[in-house]
Amino acid sequence: MALPVEEWRLCAARCWAALEPALRERLATASLHDMLRLGCGLLRPEAEAAALRRLCRRARAGKEPAAARFYREEGNRLFGRRHYGAAARLYSQAASHELPGSPEVSVCFANRSAALFHLGRFEVCLEDIARAESHGYPDRLLPKVLLRKAECLLCLGRLQDAADTLSVVENKIAMDGIMTSLTHQTLLKKLSQLKIKIHEKESCPEPAREACGDIQRKLEIWEENDSISGASSSLSLNFDRERGRHLVASQDILPGQSLLKEEAFVSVLCPEESLLLQDSSETAWDTRVTNADLYCHRCLRQLLASVPCRGCSYAKYCSQNCADVAWEQYHRTECSLGALLLTLGVFCHVALRTVLLAGFAEVSRLVEWSHDGDKDLHNAEAICKHLGEAPDTRAGTRGIPGCNNDGQYQSSYQAVFNLLPHAEKHSPEHKFLCMLSVVAICKQLQEAGLEAAVLNQESSEKWSKPKACEKTSGELSPELKTMAEAMLRHVLQLQCNAQAITVMQESGSGDGAVVNKKPVRLATAFFPVLSLLNHSCCPNISVSFSGTAATVRASQPIASGQEIFHCYGPHRCRMRVAERQRLLSQYFFECRCQACLDELESDVKSVVSMRNSFCCPSCQAPMQVGEDMLCCSNEACAIPVSRESLSHRLRDLQQQIKKALELLRDRKADQAIKMLLKCQMDAGNFLSPEHLLMGEMEDHLAQVYATLGKWQEAARHLERSIEIVEMHHGPSSIEIGHELFKLAQILFNGFAVSEALSTIQRAEEILSVHCGPQSTQIQELQEMKTCLLELPRSILQRT
């Protein structure tokens with residue numbers, strides 16, 4: 001949710017409509033500085049501020065012991081059913097709602113350690129046991145947890161540590177007079193068994209394993225650019241009136257070559273709608289797993305055993321170190337604002353975190369710089385005029401906005417600040433909404449006594465709660481007005497410069513032999529160097545992410561002098577040119593890339609138009625395109641059909657497919673197959689054979705057959721899916737790479753060795769171009785290949 005919740009948008013719209021026309025006109029044309037000056041007093045305590053407080057009560061970001069009990073009990077229930085992964089996540093949710101240092105939070109960590117032990121995650125299990133002990137786990141229950149610790153150490157081969165832990169357990173059991181005799185006997189029996197295991201391992205040590213030759217990873221050749229931080233030396237930074245700042249190849253570039261490696265200046269995990277309840281009176285807590293439960297809120301690393309924030313229930317981290325760094329850099333300020341930030345949306349949150357990371361001194365310097373009329377450059381023409389450049393000539397990097405005095409473009413706050421906010425192109429209503437939201441955040445900071453921390457004037461005590469101001473004023477301090485102005489600039493910048501950090505996330509239960517993954521938006525970030533790339537509906541690069549770092553690779557040959565193009569979302573293979581043009585209007589430009597020109601200036605239909613077309617329900621011939629009515633292209637038939645009726649059939653079909661997938665999730669594979677085959681038959685009556693949905697159904701059928709272990713049937717359906725995906729996206733697209741990865745798994749599990757090896761090779765070639773040789777999927781493919789090649793020669797010859 002990039003923008004504020006709908007109710008707040010409506011509230012701001014009513015406030016805007018109620019303003020005097022003269023004030024609305026002044027606000028519409030004002031600079032960001034003047035807009036803040038005029039608008040600071042428009043957030044009325046009895047109206048807008050009160051409405052915002054009511055909305056914030058729906059966002060549950062605080063500690064709730066009742067919620068902790070609920071999640072812990074749900075975790076116990078799933079643990080009893082041996083769903084250890086789900087139980088661990090529920091114990092994490094319970095821990096996030098408990099008060100720090102309480103016996104209850106120690107029980108959450110101890111329970112989670114049990115789930116982790118059953119998952120075979122012994123190192124993480126030990127960490128949770130240590131957390132339980134440090135948070136005051138009840139002494140009478142400690143022997144059971146220490147036995148688990150000893151067993152973990154034993155599994156990890158740390159025999160002496162295991163023996164020492166058992167000695168501690170023996171002493172505790174001897175001194176404990178509270179436990180029931182049954183519990184006492186159970187512990188003694190377990191203790192005895194572990195002693196025997198340790199003795200056996202000490203007597204017969206396992207032979208040292210030979211290092212399973214780490215699969216050789218290709219080292220990527222990389223030479224850093226002198227002028228652009230994180231960029232390859234094969235790129236140069238150019239500037240002209242038409243294209244603004246942009247990157248160009250300074251030498252010939254090959255597919256798969258790394259062009260840019262950049263760490264996000266700032267990133268914020270995207271919350272999900274379930275965090276905002278419809279009614280504050282509801283007490284049902286949501287057990288659905290969201291990104292907030294799966295990824296570290298600072299480094300975006302995947303979570304197994306999260307460390308909760310000690311002040312709120314929302315922020316979770318992969319380690320205590322991440323929690324501490326986040327607290328020092330920004331979370332001590334954000335912690336008490338959790339509900340407000342969830343209500344106002346990710347863009348406002350990114351804007352706040354950006355100024356907190358930059359620090360008041362740097363923010364103030366650049367805000368003052370922007371007030372200089374000669375330097376406040378809002379558009380390409382003004383920049384060209386300032387630099388004294390003709391429209392199509394290259395400007396020296398020293399004069400390009402965002403570069404430092406040495407002419408270097410770095411991934412810095414200065415570069416972020418110089419991204420264009422397009423203030424003159426946003427609607428007055430939208431700018432007013434953003435201004436009102438930013439003012440609300442700054443007023444909350446002032447009222448909560450956090451102003452000094454924001455301005456870096458004092459070092460707050462770790463985890464201490466902010467002290468409320470003895471006297472609060474409705475007027476923002478000059479310093480907070482400066483921060484608000486910078487935040488407003490950043491919120492406006494994000495519409496054109498926000499980068500979605502995506503990850504390949506497992507869909508379904510994830511416990512099948514074939515792992516099905518799909519890209520998921522994880523976070524919103526500022527990447528100043530990546531933002532230099534202009535859009536094309538047919539880009540020549542691919543972007544992949546690892547945590548908060550982005551890597552850009554060439555997806556096709558790029559000749560020296562050619563511009564490097566990114567795709568902002570609308571891609572020629574995914575939507576028609578009219579749809580692309582409509583979507584790209586949000587970026588305040590009309591796309592004139594080659595793909596758009598080809599479709600706009602000729603009668604050639606787009607790939608999407610040709611492939612995702614309807615066919616005649618009567619004779620299955622292609623339907624001729626029309627606005628409201630479609631006509632069969634077969635002259636002998638020529639049946640007219642309304643577009644709406646065919647679209648309605650398509651929506652019904654998609655609903656049936658969704659139900660089939662629900663059956664699969666409920667482990668009703670046979671019923672899922674029947675429903676999908678019926679959907680396939682229905683689709684053949686009105687969709688073209690190359691329609692992308694036909695490929696999706698083949699993919700789903702492959703998935704169902706794979707769950708049943710019917711590898712040949714699964715491979716046959718997936719191969720048909722690959723044919724359709726290739727028609728849409730091309731033979732070297734990342735979409736084909738993902739499909740081939742799934743096919744490789746199916747062939748590997750089906751013991752089709754030669755077919756698996758050839759599929760692995762093709763998948764490797766494609767995915768290494770888009771994701772790099774060190775990506776997770778490439779490593780998994782190499783492991784499969786190594787395993788197959790180590791099979792006896794007699795088996796390889798038979799296959």
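How much of the chain over residues 643–670 is helix, and how much is strand? In this predicted model, the stretch is 89% helix and 0% strand. Its end C-alpha atoms lie 34 Å apart. An unreviewed UniProt entry places the feature "coiled-coil region" at these residues, 643–670.

The cysteines were examined next. A disulfide is a covalent bond between the sulfur atoms of two cysteines. The structure holds zero disulfides. Cysteine 309 takes part in none, and its nearest cysteine sulfur, that of cysteine 335, is 3.7 Å away. The cut-off for a disulfide is 2.5 Å between the sulfur atoms. Cysteine 309 is buried, with a relative accessible area of 2%.

Cysteine 615 is buried because its relative accessible area is 3%, and the limit for buried is under 20%.

Cysteine 787 sits in helix 31, which spans residues 776–789. Its relative accessibility is 39%, so cysteine 787 counts as partly exposed. In sequence, cysteine 787 and phenylalanine 748 are 39 residues apart. In space, their C-alpha atoms are 9.4 Å apart.

Note on methods:
Residues are numbered from 1 along each chain as its sequence is written. This is a predicted model: local features need pLDDT of at least 70, side-chain atom pairs count only at pLDDT 80 or more; totals for chains, interfaces and linings use all residues. Side-chain values use heavy atoms; hydrogens and water are left out. Buried means under 20% relative accessible area, exposed over 50%, partly exposed in between (1.4 Å probe, protein chains only). UniProt positions are given in the numbering used here, feature names are shortened, and annotations may be inferred rather than shown by experiment. Helices (H or I, at least four residues) and strands (E, at least two) are DSSP runs, numbered from the N terminus.
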